[in-house]
Amino acid sequence: MTSSNPYCGRTDNDTNEPGDSRCEALMHSDGSLRQIIDSCFLRPTSRVFITSIMWLLARWDFALAAICFAIAGGYFLFLVLVTHHIFWEINFYAAVVKAMAAGMSPYNNDYIYNYHDLGYSTGFIYPPLVAEAFYKLRWLFQTSTGWVFIITAHVISWISIPYMLANSPKDWYSRNFLYVWGLYLVLFGLGGMRLLVVGNIAAILFALLILSIVVAIRTRNYEPFWVTIFLCSLVKFTFLGFLLVPIILDKKYLSAGLLIGAVIAAYALNYFITPALFTEYLAQISAQHSNSGYIGLSIFSLATALIKVPFAPNDGQLFAIAIGIHFIFVALVILLAYAIAERRVRPERFDLFCCWLVMSSFLISPRIFDYDLAIVIVPFVLLTRMLLTERGLGIGVAVTVAVLGSILLRTPSSFQTQLSDWSATFVIVGVWFGAAVHWLTADGKRELPRTC
């Protein structure tokens, strides 16, 4: 017997009766408009909708990757076709080189911005020895061949960063990697795309450092790492934060201390060779650190905003208090990392704990920008996935920190304006601290789970 409720389409027991005939019979039998709409339109449409939703849920990682890649592609096309503004940091380096060729200081912001019409107001924050190296290699910034070479190196480095941080999955197109790649591009203000379109030298330095860390962990040989971090730290001294990896994993205390001494000696030598330029460099750094907009999203800049709004001390007091809070945080990070490492087997490959250490290296940096967050995103995604799948106290800690951060942002308008940029920082720190709590509260000493 067929069902007493007529509807359009074929039934299980009436497979030979055309759907149109059922609809016509329904309209002629009672003429109920409600039944016609429900049976002929809503019910089949809802079935298609539910089937589509179930299909997407079964392939959520592909769907998420597709959405993220579409957003990132749209942002890239907007910059290229609408704003015509891309790789502006490379253009800035070229302007600095031209200023030096004209006999000007690389820290003469007025000349660089006004003469070359750059359209933005950041300064050259690298030491004089880096400026001199740029000038010696000026063909990179002043010729078409040089631009092609440096952009190619920049793009290759940008592509390799998530691949290495995710432990170089064998199939780069795998489901476990594509959604990580997509989130790398768009999470926390399109950080991954910003790292590409800015054209900052940081992408190349990041890739070299991560590669040297991966090699050091797998071969237990840190020689390439020491050379890489020395050269990178001469460009940006904040890269010394990556010393957390050999110090925690392999107790390389003496080697790390000697490297820090070598970097300090190189900066001191730079001062004695060009004291005037080095003084200008320090003034540039000091001016930027007094402006939270140039510090970015670090814990140091967060402490600066938290102190400045309610108390409004002078710049000297503000810097002293904020840097003190930052160093306390750095000490706590090192102690926390050491405690986790004591409970774990040393990794033989780049695993989740290594991701956590890379994340820690950035959190202890006093200067983090949106494109720097691109490096944090891959560890963030992998650690979040671990917390969601293994569950436990860690996920509760992560959610609590994120929620408390959101509550902090719901403050009076003047205070909220100062802190609104750090919403991502609260979430990042929450997952980072949640992963640490998860490992510390886990029973036994076992190898950490591996990445995709």
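Predicted model: local features only at pLDDT ≥ 70, side-chain atom pairs only at ≥ 80, totals over all residues.

Start with F124. Its relative accessible area is 0%, so with the cut-off under 20% F124 is buried. Y126 comes out at 3%, and therefore Y126 is buried as well. These two rings form an aromatic pair, with 5.1 Å from centre to centre and 85° between the planes. That geometry is classed as edge-to-face.

How many aromatic pairs are there by this rule? The count is 36. Ring pairs also join F124 and Y126 into a cluster whose other members include F92, Y93, Y107, F134 and F141.

Now the core. The largest nonpolar core holds 132 residues. Helix α9, residues 175-198, gives the most to this core, namely 15 residues. Which residues have the most contacts inside the core? They are Y184, L195 and W356. Leaving aside residues up to four places away in sequence, W356 touches L336, A337, I340 and L383, along with W432, A435, A436 and W439.

Last, the surface. In soluble globular proteins, nonpolar side chains tend to be buried together. Here, F49, I50, I53, M54, W55, L56 and L57 form a nonpolar patch on the surface. Together they have about 750 Å² of accessible area. One of them, I50, lies in helix α2, which covers residues 33-58.

That is all from me.

Conventions. Residues numbered from 1 in each chain as written. Heavy atoms only, no water. Patch = residues over 30% accessible without salt bridge, like charges linked within 9 Å, V, L, I, M, F, W, Y side chains within 5 Å. Areas by Shrake-Rupley, 256 points an atom, 1.4 Å probe, with all protein chains shown as cover. Salt bridge = Lys/Arg side-chain N within 4 Å of Asp/Glu carboxyl O. Helix = DSSP H or I, 4+ residues; strand = E, 2+ residues; numbered from the N terminus. Core = buried A, V, L, I, M, F, W, Y, C linked by side-chain atoms within 4.5 Å. Buried < 20%, exposed > 50% of the residue type's maximum accessible area, 1.4 Å probe, protein only. Contact = heavy atoms within 4.5 Å. Phe/Tyr/Trp six-rings, centres within 6.5 Å; stacked < 30°, edge-to-face > 60°.
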